[in-house]
Amino acid sequence: PKFVYAFAEANKDMKDLLGGKGANLGEMTRLGLPVPPGFTITTEACLAYLATGREPDGLAEEVSEQLAKLEQAMGKRLGDTEDPLLVSVRSGAKHSMPGMMETVLNVGLNDESVHGLAVQAGDERFAYDSYRRLIQMFGKTVLGVDGEHFEDVLEAAKQSKGVTSDLDLDAKDLRELVQVYKDIVVEHAGQPFPQDPREQMELATRAVFDSWNTPRAVIYRRQERIPSNLGTAVNIVAMVFGNLGMDSGTGVAFTRDPASGAQGIYGDYLQNAQGEDVVAGIRNTVPLRELERIDKRSYNELLHIMQTLEEHYRDLCDIEFTIERGKLWMLQTRVGKRTAAAAFRIATQLVDQGLIDMTEAMSRVNGAQLAQLMFPRFDEKAERHKIAQGMNASPGAAVGKVVFDSYTAVKWSRSGEQVILVRRETNPDDLNGMIAAAGILTSRGGKTSHAAVVARGMGKTCVCGAETLDVDTKQRVLHAPHGIEVHEGDVISVDGGTGEVFLGEVPVVDSPIVRYFEGELDPADEEADDLVKAVDRIMRHADGVRRMAIRTNADTPEDAARARRFGAQGIGLCRTEHMFLGERRALVEQLILADTDQARERQLAELLPLQRADFIQLLREMDGLPVTIRLLDPPLHEFLPDITELSVRVAVAEARGEQREGDLRLLQAVHRLHEQNPMLGLRGVRLGVVIPGLFQMQARAILEAAAEHTKTGGVPRVEIMVPLVANVQEFETVKQDIIQVAREVRAAESVHLEFLIGTMIELPRAALTADQIAEAAEFFSFGTNDLTQTTWGFSRDDVEAAFFSAYLEKGIFGVSPFESLDREGVGELVRIAVGKGRSQRPGLKLGVCGEHGGDADSVHFFNAVGLDYVSCSPFRVPVARLEAGRATS
Ligand code: PEP
Ligand code: MG
């Protein structure tokens with residue numbers, strides 16, 4: 001294969017092979033934008049290297065060929081002592097992984113060529129500054145020298161000179177620093193800094209390849225669900241310099257505000273600096289708008305390019321650029337990350353601008369973003385003690401205890417604390433802490449600093465650049481103006497939407513999007529927030545195009561009502577066991593303890609009217625819509641007191657010489673019902689087979705409720721569902737009982753009663769014999785919780801604690817199969833059951849009511865295999881509506 005592509009040979013659709021950066025550099029080159037010449041080494045070369053530990057055959061030759069062309073284009077040669085070509089070696093994977101992988105700048109400098117650079121640039125200080133940066137970056141990323149060694153001596157050099165900015169170090173200082181840096185390399189790497197430029201380039205390329213597998217990159221990929229087998233490309237680009245004086249600089253720009261979506265000039269600029277200074281937030285940047293004053297020509301050109309890019313990509317783009325002595329160069333562009341609110345706003349703005357259609361707009365947002373917008377936010381009416389104002393880097397309302405390091409953040413959050421990670425600035429080593437924290441606060445760096453970019457990517461609340469705060473990580477204290485001190489463990493509240501920081505806990509309120517779904521905000525109202533309007537437009541579109549219906553899992557009238565307001569088209573699962581709890585527990589206990597048919601029937605008769613009343617309410621709330629009611633599922637011991645507690649109670653009573661007949665009988669029952677594996681035991685349909693009258697009572701309550709609802713003018717659409725069926729005879733037994741009950745109810749109530757009897761498919765055997773089951777069952781609902789549990793043989797109640805973290809860490813799966821459907825295994829069973837079921841009973845109604853019904857990726861799968869509906873918790877209903885719409889395009 002071809003391992004190396006010149007930028008002119010590349011385009012934006014080659015991300016798999018050339019990574020995002022390489023593909024977009026190619027695209028910009030083809031658009032005629034000012035991109036420094038260069039070439040890209042493919043991800044395939046990276047994968048070959050990672051697999052074998054050596055560069056694939058032919059790579060070196062291809063690099064030489066492209067390098068020769070690059071030298072020709074630039075009229076300079078790598079390592080030339082008179083006029084050296086310098087290059088940057090930059091990572092660039094398919095998916096952007098900000099700050100996760102390596103980059104080495106100024107490759108090509110050595111003890112000789114540094115003189116040539118000094119002469120050519122007419123600036124000795126610049127040449128030595130570039131050289132010391134190369135040794136520092138190369139030493140750290142390629143040779144594995146701890147970066148602090150370099151930073152410490154740089155700091156010491158500034159201190160001994162009595163200056164604070166590295167701009168105040170002169171050529172002589174920097175020349176000395178280069179010597180010290182070289183000594184550091186020898187001391188800590190056990191080898192000298194390589195003087196051969198080609199060797200520098202090759203080693204830097206290897207380091208970029210290797211950086212694909214650094215722990216922080218692995219963690220980031222897992223968090224972002226990026227596959228681990230993609231590898232990174234490497235871009236070798238002719239250097240342009242932002243550190244050639246005050247007429248040079250480097251910056252980042254967005255074509256729109258990535259936080260709000262508003263159009264305008266957004267970005268940061270830093271004079272006389274190289275790119276890594278901006279991203280690391282080391283010196284404070286100025287807003288991009290200031291560039292107009294600093295260098296109007298470059299500013300205007302940049303605006304023009306931004307417009308070109310936005311129209312070309314038909315989306316928000318972010319850009320890295322450098323100005324070298326008044327000449328603008330584009331170093332990178334990509335379709336930019338954005339907040340959830342911005343995603344909705346931008347998508348509809350682009351529709352209004354005629355750049356995309358509504359289907360495309362819908363594909364530009366997703367359920368995770370919608371879910372984020374439904375989070376609560378701080379109550380503006382509450383009393384709030386504001387201690388700082390930073391930049392609104394990533395929205396959300398986070399409350400938690402202050403911690404100053406990643407380790408503590410992880411430790412405290414593991415023990416159930418909400419924490420806010422407070423740092424001067426973050427770097428990739430803080431990643432674990434950022435994941436663990438509820439929110440992130442930094443005192444330095446702009447909206448494009450590491451903290452901001454990573455937090456936005458994770459959907460985590462972040463305020464950055466709160467400059468009036470002084471973060472003292474050693475003393476573990478945060479100093480705010482007016483002598484306020486916040487110590488580790490103190491609570492603060494951070495508003496990522498406004499950039500405000502408050503002392504103590506601020507109460508939170510519903511988001512406007514939830515109020516919109518609740519019907520409290522009218523998007524047609526002119527005053528309505530444009531975000532509400534944008535969400536409304538996209539939701540309408542999704543509802544118009546989706547094939548699947550969305551139902552909800554609800555057991556109470558309140559949940560049912562809310563879900564209906566949120567757009568649910570029925571109930572996909574009412575778990576009747578919830579109706580056996582609370583005050584009714586005593587009745588249920590008596591039922592379990594009943595030792596004669598008579599006693600049992602008496603208890604059932606007492607439960608009947610209670611259940612019936614529950615169902616009437618539910619049917620009212622869902623009038624005219626299908627309501628799936630599941631017969632009792634959990635093992636009976638769940639309704640009895642805990643065995644240990646009860647034993648103690650009995651023992652204490654005995655010691656006191658008291659006789660507690662009731663407790664004693666209860667204890668015997670608990671022992672009798674005890675199972676080693678209750679999840680595989682007497683539950684679901686098995687209860688119905690074993691306990692006479694139980695399912696009949698429930699069926700009677702349901703059907704009498706339906707009759708009652710009909711009589712009061714309602715339209716009940718009842719679906720009775722039998723859980724945990726493995727075999728058609730089990731189902732048949734229960735079905736015949738229900739039919740008998742229906743006959744009796746019809747006769748007694750003399751109303752027309754229509755209903756369906758169906759089953760859950762939540763055991764592998766049920767899926768595999770779905771054709772037989774479909775002979776008897778009028779609908780299927782996939783219980784993917786139990787189906788996952790029984791397919792993998794994982795106990796759904798225990799795995800998270802027991803070993804999932806190890807599985808996730810080792811990449812055995814990227815996400816828990818209880819969270820997102822395992823398509824290959826569990827999904828295959830669903831597919832088989834769909835095929836077999838419909839082959840027996842064409843038009844068989846199919847749905848899903850496991851947790852996966854509200855998971856975006858799973859929704860797409862269920863759409864693809866042809867389910868009629870998904871059912872999920874009320875709050876996930878809007879997410880499922882959106883994803884079901886997106887799944888159709
Ligand atoms: C399931 O197993 O997926 C299901 C919906 O039932 P439950 O979670 O109640 O076992
Ligand atoms: Mg189940």
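The legends below describe close-up views of one predicted protein model.

Residues are numbered from 1 along each chain as its sequence is written, chains are lettered from A and ligands numbered from 1 in the order in which they are written. Because the model is predicted, local features need pLDDT of at least 70 and side-chain atom pairs count only at pLDDT 80 or more, while totals for chains, interfaces and linings use all residues.

**Figure 1. Overview of the protein.** The C-alpha trace spans about 105 × 65 × 60 Å along its principal axes. The protein has 35 helices and 33 strands. Both are DSSP runs numbered from the N terminus: helices are H or I with at least four residues, strands are E with at least two. Of the 889 residues, 52% count as buried. A residue is buried if 20 or more other C-beta atoms lie within 10 Å of its own, exposed if 12 or fewer, and partly exposed in between; the C-beta atoms are placed from the backbone. Among contacts between residues at least 6 apart in sequence, 67% join residues at least 24 apart. Two residues are in contact if their C-beta atoms, placed from the backbone, lie within 7 Å.

**Figure 2. The annotated active-site residues, His450 and Cys849.** The "active site" annotation on these two residues comes from an unreviewed UniProt entry. UniProt positions follow the numbering used here, feature names are shortened, and annotations may be inferred rather than shown by experiment. The two residues are spread over 400 residues of sequence and up to 39.9 Å between C-alpha atoms. His450 is found in helix 18 (residues 450-458). His450 counts as buried because it has 23 C-beta neighbours inside 10 Å. Cys849 is found in the loop between strand 32 (845-848) and helix 34 (856-864). Cys849 has 28 C-beta neighbours inside 10 Å, so Cys849 counts as buried too. Leaving out residues up to four places away in sequence, Cys849 touches Asn553, Gly572, Leu573, Ser781, Gly783 and Ser871.

**Figure 3. Helix 34 against helix 35.** Two packed helices are described by the angle between their axes and the distance between the axes. Here the axes of helix 34 and helix 35 (residues 877-886) come within 9 Å and cross at roughly 50°. Axes are lines fitted to C-alpha atoms, for helices over the stretch in contact, and angles run from 0 to 180 degrees between N-to-C directions. The two helices are therefore oblique to each other. Angles under 35 degrees count as roughly parallel, over 145 as roughly antiparallel, 65 to 115 as roughly perpendicular, and the rest as oblique. The crossing is right-handed. That term applies if the near helix is turned clockwise from the far one by less than a right angle, and left-handed if anticlockwise. On the helix 34 side, Ala856, Val859, His860 and Asn863 meet Val879, Ala880, Glu883 and Ala884 of helix 35.

Figure 4. Two strands pair if DSSP finds at least two bridges between them. Strand 2 (residues 38-41) and strand 7 (residues 232-238) pair in the antiparallel sense over four bridges. Within that pair, Ile41 stands opposite Val234.

Figure 5. Strand 20 pairs with strand 21 (residues 477-480) over three bridges. Asp472 stands opposite Val477 in strand 21.

**Figure 6. The surroundings of Phe695.** Phe695 has its place in helix 27 (residues 694-711). Phe695 counts as buried because it has 23 C-beta neighbours inside 10 Å. Leu631 is 64 residues apart from Phe695 along the chain, yet their C-alpha atoms are separated by 6.5 Å. Not counting residues up to four places away in sequence, Phe695 touches Leu631, Gly688, Val734 and Asp737.
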